[in-house]
Amino acid sequence: MRRFDFQRLERSKARLDEVVLDPGQWIPLMEDICSAAATSGAGLLQSDVRTSDVPVTPSTKEAFQGYFAANLHVEDVRAVRGVPLLLSGRKVLRDQDIFSSERDMLKTPLYRHLGQLGFQWWSAISFWAGPAMWALALQRKRGEGAFEDDDLKAFALLSDALTEAATLSHAVGRQVLLGALSAFDSINEPALSMTGMGRVLEINAAAAEIFDADFRVHNNRLYMRDGKATRALDARLTNSDRELRLRAGSRIGNIIVARRETKRPIVIKLLPVPGAARSPFLGARFILMLTDMEVVRKSEIELLSAIFALTAAEAKVARLIAAGWSPEMIADDLALSRETVRNQIKAVFSKTATHRQNELAALIGHMRNL
C-alpha cells in the first residue's frame with residue numbers, strides 16, 4: 001500500500017490558482033492530488049446533473065466512459081445516498097459512510113462495473129461552483145485500501161480551496177465568454193455559445209434578431225426545422241475528436257447549413273471557445289457563428305462594389321466567401337457553374353488584395369465600421 005503524502009497534498013492545494021485562468025490544468029492538478037493521496041485516479045462530477053464532458057485523469061478514463069455508457073450516472077448510488085450528507089454540512093465522504101458493509105457495497109451495479117477494472121474504494125471531496133455543488137471523486141484500486149480517517153481530515157482542508165477556485169473559474173469563464181459574444185455583436189455577427197452536450201448558454205443581440213419559427217433557441221436548446229442540420233450539429237458535438245479538428249482550423253467540417261421553409265438558409269460555423277472560458281463548471285465548448293443569408297444587405301453589396309471595384313456578382317460572392325461558404329455551396333445557392341464561381345473568387349481576392357477567407361472576412365468586418 002502506498003503512503004499518503006500530506007506535504008505533497010498541501011503543495012497541490014497551492015496550485016489551485018492555476019486552474020482559474022487555465023482550465024486545462026485541472027487534469028494535471030488532479031493527478032498531483034491522486035499521487036499525494038495514494039490514489040489511482042479522479043474526476044469531477046456535479047452533484048445533480050452529471051455529464052460526460054468533465055475532466056478525468058487518464059487512469060480512470062475507461063471507468064468514467066463505462067459509467068456514462070451504462071447510464072450508471074442516472075441513479076449513482078453514491079450520489080443518492082451521499083449528496084444529502086454533503087448538503088447537511090459534510091465536506092468529505094467515503095464508502096463506509098454510505099454502505100453498511102463491504103458486501104452491500106460490492107453487489108451494486110456501479111461497484112461491479114468498477115471492480116471489472118480493478119477499482120474498489122471511493123472518496124468524494126465536496127465543493128461549490130456558484131450555486132452548484134460538485135465533488136472531486138477519488139478512486140482507489142483494491143490493493144490501495146479504503147480511505148482512512150486521517151485521509152478524510154486532509155481532504156477536508158481542500159474543500160474550501162476547491163470552492164474558491166471553482167467559483168472564480170466559473171466567473172472568469174463566463175466573463176470571457178460574454179466578451180467573445182459581445183465582440184461578435186460589435187461587428188453585427190450573430191453568435192451563441194453552447195456546451196458539448198448541446199445546451200445553449202448565451203446568445204448575443206444579433207443572434208436574437210434572426211430567430212424565427214424555423215431556427216431559434218427553445219428550452220436552452222437550438223431548434224432547427226432542418227432535421228439534416230440538427231443531425232449534423234449533434235454529430236459535431238459528439239464526435240470524439242471534434243476539438244482537435246476545430247483547433248486544426250478545418251473549415252468545411254465545421255460549417256453546417258440550416259435550411260428554412262420560406263427563407264434562405266442560416267449558415268452555422270463552429271468555433272472553439274477561448275481557453276479561459278473552458279471552465280468545467282461553465283461547460284462552454286463552442287461558439288456558433290450564424291450567418292443569415294436572408295439578411296445580406298443590398299447596401300453592403302453596393303459598398304463592396306464601390307470600394308473595391310467589384311461587380312455586383314463578385315460582391316455577392318465576396319460576402320458569401322467571408323461568411324465561410326465553400327465555392328460549391330455558393331455555386332449551388334446562386335445557380336452558377338463552379339468554374340464561374342472560382343473565377344469570381346479569384347477576381348475578388350485580386351481586387352481586395354487578400355489571399356484567404358479569414359483575411360477577406362476581417363476586411364469586410366472593418367468595412368462595416370465605415
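Buried here means under 20% relative accessible area, with exposed over 50% and partly exposed in between (1.4 Å probe, protein chains only). The model is predicted, so to read it well, note that local features need pLDDT of at least 70, side-chain atom pairs count only at pLDDT 80 or more, and totals for chains, interfaces and linings use all residues. Residues are numbered from 1 along each chain as its sequence is written, and side-chain values use heavy atoms, leaving out hydrogens and water.

View 1. Strand β4 covers residues 132–141, and nine of its ten residues are buried, so the rest of the structure largely encloses it. Strands (E, at least two residues) and helices (H or I, at least four) are DSSP runs, numbered from the N terminus.

**View 2. The partners of β4.** Two strands pair if DSSP finds at least two bridges between them. Strand β1 (residues 41–46) pairs with β4 in the antiparallel sense over six bridges; look for Q46, whose bridge partner in β4 is W134. Strand β3 (residues 119–129) also pairs antiparallel with β4, over ten bridges.

**View 3. The β3–β4 hairpin.** Two residues lie between β3 and β4 in this hairpin, and G130 in the turn has a positive phi of about 65°. A129 has A132 as its bridge partner in β4.
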